[in-house]
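Please have the sequence and the model open side by side.

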Amino acid sequence: MSLALHRRSLLAALFVGVLLLSGCTGPNQPVSDALPSPSGTPHDSRLIDVDGHGLYLDCKGSGSPTVVYVHGWTDKRTHVPHEGAEAIQTLLADDHRVCLYDRRNVGSSETVDAAQTPDDMLHDMEGVLANGGVEPPYILMAASFGGLLAYSFLNHHPDQVSGVVFLDAFFPDELALDAYLPADKTFQHFQDDDMCCTLERINEYALIDGLQQYIGHEPAIPMIYLAAAQGPRGGWNPKSPDYSPHFTEAQQAFVDRFSPGELRWVDAPHFMEPEIPDVIAQAVRDVAAGAETG
């Protein structure tokens, strides 16, 4: 499987599963200021204005730290990213406020006709949380590509993040692994197409390149990395035999830089949110416990 398929087409294909599971209706669906909750758990869903464009935010439950879901790469207009984590949200809502949001251009958020820079992505995340009244401290629950944005946020706001859970997520050390791949399979190779022709119009290369400065300087917070055993991310490229062992080493080194960091293999596919919500919820609880004792 090529890197292009892994980073683009595979993730887009996996999202089809959550469409069937969640029964989503499409982009920019109407949202309400308050959704009823049969259990009485606080639950609100609305568009939050961030510099003139609306970002969809859905928060449920109460309790600190707040869990913030940072979704993966989305390249299907019919995919509503936040819906993939709703089961996890429900499982955690008795003990935590759990907030899900859709980035610009996808799901229930509004479209902005411009490429996204790393600053745009960070500013949107800062804005939707601040303007939506989502108070820190946060546990960031980041999936796939969302790992890079979560890593950016935690390094820009180390005082606001008390822990991290990565769901088979991208991490900054992966840029160095491009040395083991053909030139046409690297992060940099895809940047022009990313900015012009994908739904989110994210400059992924610029984002991961800008994160290199933080490697080795991560905040002293607990993290759990849930790695998908069904198709491990480091083992998919038989044409680049040196890639797999170096990926495994880099993945473990990344996890080990947190305090503490734990790599857990789970029997799940890459897009694991709708498949093992209970396992993910437990990882969040474990990180919250670690943050409290730490």
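How many disulfides does a search of the whole structure find? The search finds two, where a disulfide is a pair of cysteine sulfur atoms within 2.5 Å.

## Basis of the model

This is a predicted model: local features need pLDDT of at least 70, side-chain atom pairs count only at pLDDT 80 or more, and totals for chains, interfaces and linings use all residues. Residues are numbered from 1 along each chain as its sequence is written, and side-chain values use heavy atoms, with hydrogens and water left out.

## The C59–C99 disulfide

C59 is joined to C99, with an S to S distance of 2.1 Å. The pair links distant parts of the chain. C59 sits in strand β2 (residues 53–60) and C99 in strand β4 (residues 98–101), 40 residues apart. Strands (E, at least two residues) and helices (H or I, at least four) are DSSP runs, numbered from the N terminus.

The torsion about this S-S bond is about 115°, so the disulfide is right-handed. C59 has 1% relative accessibility and counts as buried. C99 is also at 1%, and buried. Buried means under 20% relative accessible area, exposed over 50%, and partly exposed in between (1.4 Å probe, protein chains only).

## The C196–C197 disulfide

C196 and C197 form a disulfide with their sulfur atoms 2.1 Å apart. The torsion about the S-S bond is -75°, and the link is left-handed. C196 is partly exposed, at 45% relative accessible area.

Counting bonded cysteines along the chain, the disulfides follow the pattern 1-2, 3-4.

## Aromatic pairs

The whole structure holds 11 aromatic pairs. Rings of Phe, Tyr and Trp (its six-membered ring) pair if their centres lie within 6.5 Å; planes under 30 degrees apart count as stacked, over 60 as edge-to-face and the rest as tilted.

One of the pairs is W73 with F145. Their rings are 5.4 Å centre to centre, with 90° between the planes, an edge-to-face pair. W73 lies in the loop between β3 (66–70) and α2 (86–92), and F145 in the loop between β5 (138–143) and α4 (146–156), 72 residues apart. Both W73 and F145 are buried.

## A stacked pair and a ring cluster

F171 and F254 have ring centres 5.2 Å apart and planes at 20°, so the pair is stacked. F171 is in the loop between β6 (161–167) and α5 (191–197), and F254 is in helix α7 (residues 243–256), so the pair ties together parts 83 residues apart in sequence. F171 and F254 are both buried.

Which residues do ring pairs link into a cluster? They are Y151, F166, F171, Y225, Y243, F247, F254 and F258.
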